[in-house]
Every structure is written in structure tokens, then in C-alpha cells.
Amino acid sequence: MHSIPEVLRSETGRSLGYDLYVYRSPLEVTRLPATVREGFAYAATRRPARAVPDRFSRKWLQLRCSAYVRNRRFDEQVTSHWLRAIDVVACPVTGLMLTHGELSDTDWAVCRLDPDADYAPGNLAVMSTRARVARGRRSVDEVLRLARRDTPTDGLQPADWSRLAALLQHAGVGGSLS
């Protein structure tokens, strides 16, 4: 795990607040950390051009907020354009068509493949909310054990667990394929 160095944390928070303003975030600003509120307030006084957010910019801001709250680094290569580039039509784990904003288990989610690692290109993948929730913080070895069972677990079939294990291994997440 790589936490944000304290010297950069305030700058990161203000930058996030500024972008939340630019992208018309519906987040309740008073609930955000002080440095994020500072960035939001600064942007409100400067009145920069505001952008109309799409699902990729909203997800980018959501991921940045999660990273900030968890004190995790957020790689600058991860942008709304990058999220658009990795978007998929079907979940690579379940094979189900992904939905957007329906609050269902088929909604798209961006998952950190190694939950102990940063928000970085090699550690993020698009999958269904069902797959992300089922995965949780399970290790590759636990995922492989579930793949060998004869019955579904947490909404995933054994074949789904096998595909998830392959995705984790491809990303270099620890564990064995024995």
C-alpha cells in the first residue's frame, strides 16, 4: 500500500475539490474533508468553465474521492478518457451485459484487482457490481478454491470464479494457480 505523502495530501484534496466543482458534483460538499471543501470553494470564486459530466467523468471523480478517503495514491494516468478506453460491454467475470446507473448487480463497476494496491492502470478493471462485491477482499487462492466447488457462491458460478482468478493472475495479484 502506498499512502499519499502528507505534503501532497492537501494539494490532492484541493485539486479534487476543484474538479468536483468543475464537473458539477452532486456530492454534499459539507461532508467532504476540509481540503476538498477548500478546493471546491476556490473554484466557486474563480468560476472556471464547467463541464457536463458523463458517466466516465463521474466514475473518475468517484474513484478519486474513494482514493482520497482511503489515503491511497491515484495515478494521474487514470482519467475519464482512460476509463472510456477500458470500458467493456459485458462483464469479463460473469459474461452478463453491463448496465449503467440502474442500481442492479449488473451495473458496471471499476474494481481494484489488488485491494491493497493503489488506483493505477494495471490494478483497475471494469466488471459487474455482482462480481466486484463477490470478490471483496478474497485472495487469489480463495477465488481458486471457489472455482473448484460444484455450487455457486455469493452469486457467482464456479466458471465465473475461474474467470475472476485468471483476471487477477493476469494483473499480477498474488496467489498461486496450483
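Trainee: Are Tyr21 and Phe40 buried or exposed?

Mentor: Both Tyr21 and Phe40 are buried (under 20% relative accessible area with a 1.4 Å probe, protein chains only; exposed is over 50%, partly exposed in between). Keep in mind that this is a predicted model, where local features need pLDDT of at least 70, side-chain atom pairs count only at pLDDT 80 or more, and totals for chains, interfaces and linings use all residues. Residues are numbered from 1 along each chain as its sequence is written, and side-chain values use heavy atoms, leaving out hydrogens and water.

Trainee: How many aromatic pairs are there?

Mentor: In general, you describe two aromatic rings by the distance of the centres and the angle of the planes. Rings of Phe, Tyr and Trp (its six-membered ring) pair if their centres lie within 6.5 Å; planes under 30 degrees apart are stacked, over 60 edge-to-face, the rest tilted. That rule gives five aromatic pairs. For Tyr21 and Phe40, the centres are 5.4 Å apart and the planes at 80°, so this pair is edge-to-face. Tyr21 belongs to helix α1 (residues 6-22) and Phe40 to helix α2 (residues 34-46), so the pair ties together parts 19 residues apart in sequence. Helices here are DSSP runs (H or I, at least four residues), numbered from the N terminus, while strands are E runs of at least two.

Trainee: Which ring does the charged end of Arg64 sit over?

Mentor: The test is NZ of Lys or CZ of Arg within 6 Å of the ring centre and within 35 degrees of the ring normal. Arg64 has its charged end over the ring of Trp60, 4.5 Å from the centre. Lys59 lies over the face of Trp108, 5.4 Å from the ring centre.
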